[in-house]
Amino acid sequence: MASSTAAIFGTTAASDSCSRRVFVTTTFQVRALHSYPSFLRTSRAFNTYAPCNNSSVINGGAAALVTESSAKVIDGKATAKEIREEIAAEISKMKESSGVVPGLAVILVGERKDSATYVRNKKKSCESVGIKSYEVNLAEDSSEQEVLKHISCFNDDPAVNGILVQLPLPSHMNEQNILNAVCIEKDVDGFSPLNIGRLAMRDREPLFVPCTPKGCIELLHRYGVPIKGKRAVVIGRSNIVGMPAALLLQREDATVTVVHSRTKNPEEITREADIVISAVGQPNMVRGSWIKPGAVVIDVGINPVEDTSCSRGYRLVGDVYYEEASKIASAITPVPGGVGPMTIAMLLSNTLTAAKRAYNLE
């Protein structure tokens with residue numbers, strides 16, 4: 001293992017990355033202890049907080065536990081499905097009572113295959129819950145002004161409750177200018193400096209929280225993982241995941257440390273954590289030796305690694321070396337099937353919230 005932190009994380013600032021198995025599932029009934037902060041609620045959040053120890057993690061509903069090795073697998077795919085069902089039911093009732101149908105606009109610039117796939121998945125998810133989807137596809141060489149024109153139109157359209165600009169943008173565009181142009185009431189990605197600023201301040205609430213960090217906290221909530229008073233380490237400090245994840249954990253009264261490319265002895269610091277959220281985009285960087293016995297691990301990384309045994313020639317792995325960490329942690333998210341599905345579920349949740357605010361239906 002490299003002793004140099006720069007070697008582990010890379011010489012530049014680390015970035016976030018965003019065969020079916022059959023498991024035995026067990027469902028527990030739990031008693032609600034307290035409610036979610038309002039900006040973290042999904043359409044019908046389960047209050048499933050309960051004490052957690054090394055031998056069990058508690059959850060409610062369809063987000064059942066699955067066991068592999070000694071760790072419990074936090075099933076983001078099942079949890080996201082559960083959330084989509086909740087959102088679909090609420091949108092159906094809202095449409096019947098008020099005629100309101102939430103709308104989400106997505107702007108895609110260029111022809112990146114991964115971005116196009118994300119947009120297709122978002123559109124499909126919108127349709128599955130009853131959100132009307134609007135889509136603009138622009139050429140790679142489109143001007144920044146053209147993107148801003150479409151954002152302005154969506155800002156003024158009352159049928160559009162949320163606006164999402166698919167990242168990354170082409171290099172000739174100023175990402176900050178474009179993201180800042182999105183009306184804060186429609187910033188369902190939660191990237192506006194105003195939303196992030198409110199998230200960082202005590203006694204202030206953002207209108208929206210960035211979807212991936214929100215999904216991480218939602219998984220902890222629904223699996224009954226206690227956060228208050230726990231030591232948490234966030235690996236990575238990007239604006240999209242690492243920084244807002246650390247702010248959310250602080251709001252939950254965790255003691256938070258952020259490990260980044262200039263941190264000395266990241267292994268030792270991470271090993272002190274009860275909760276680890278890794279979002280650096282470095283495949284298998286976090287080894288089992290980094291994990292405190294009984295810790296809960298949320299792996300945001302989605303990294304392709306070469307594998308000739310796979311038809312695609314590669315397979316997806318997380319930032320965390322799953323085979324090692326799953327033998328030490330009490331609970332862990334898999335890759336794929338962990339945080340990824342939760343990101344889109346939180347986007348749908350934010351869009352529903354935006355529509356309710358716009359029509360005073362909360």
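Predicted model: local features only at pLDDT ≥ 70, side-chain atom pairs only at ≥ 80, totals over all residues.

Mentor: Start with strand 4, residues 103–109, which pairs with strand 5 in the parallel sense over seven bridges. Two strands pair if DSSP finds at least two bridges between them. Strands are DSSP runs of E with at least two residues, helices are runs of H or I with at least four, and both are numbered from the N terminus.

Residues are numbered from 1 along each chain as its sequence is written, and side-chain values use heavy atoms, with hydrogens and water left out.

Now widen the view. The open sheet has three strands in the order 5-4-6, with parallel pairing. Its edges are strand 5 (132–138) and strand 6 (162–165), each pairing on one side only. On average, neighbouring strands are turned by 15° against each other, direction ignored. Such angles run from 0 to 180 degrees between N-to-C directions, with axes fitted to C-alpha atoms, for helices over the stretch in contact.

Helix 3 (residues 113–129) lies across strand 4, strand 5 and strand 6. Contact here means heavy atoms within 4.5 Å. The helix runs at about 170° to strand 4. Look also at C126: with a relative accessible area of 1%, it is buried. Buried means under 20%, exposed over 50%, and partly exposed in between, using a 1.4 Å probe and protein chains only.

Follow the chain past strand 6. The loop between strand 6 and helix 5 (175–180) holds P168. The peptide bond from L167 to P168 is cis, with omega near 0°. Most peptide bonds are trans, and most residues other than glycine have a negative phi. Another cis bond joins V335 and P336, with omega about -5°.

Backbone angles give you one more stop. D203 has a positive phi near 65° and is not a glycine. It sits in the loop between helix 6 (193–200) and helix 7 (211–222). D203 counts as exposed because its relative accessible area is 80%.

Finally, step back. The protein has eleven helices and 13 strands. Of its 362 residues, 50% count as buried.
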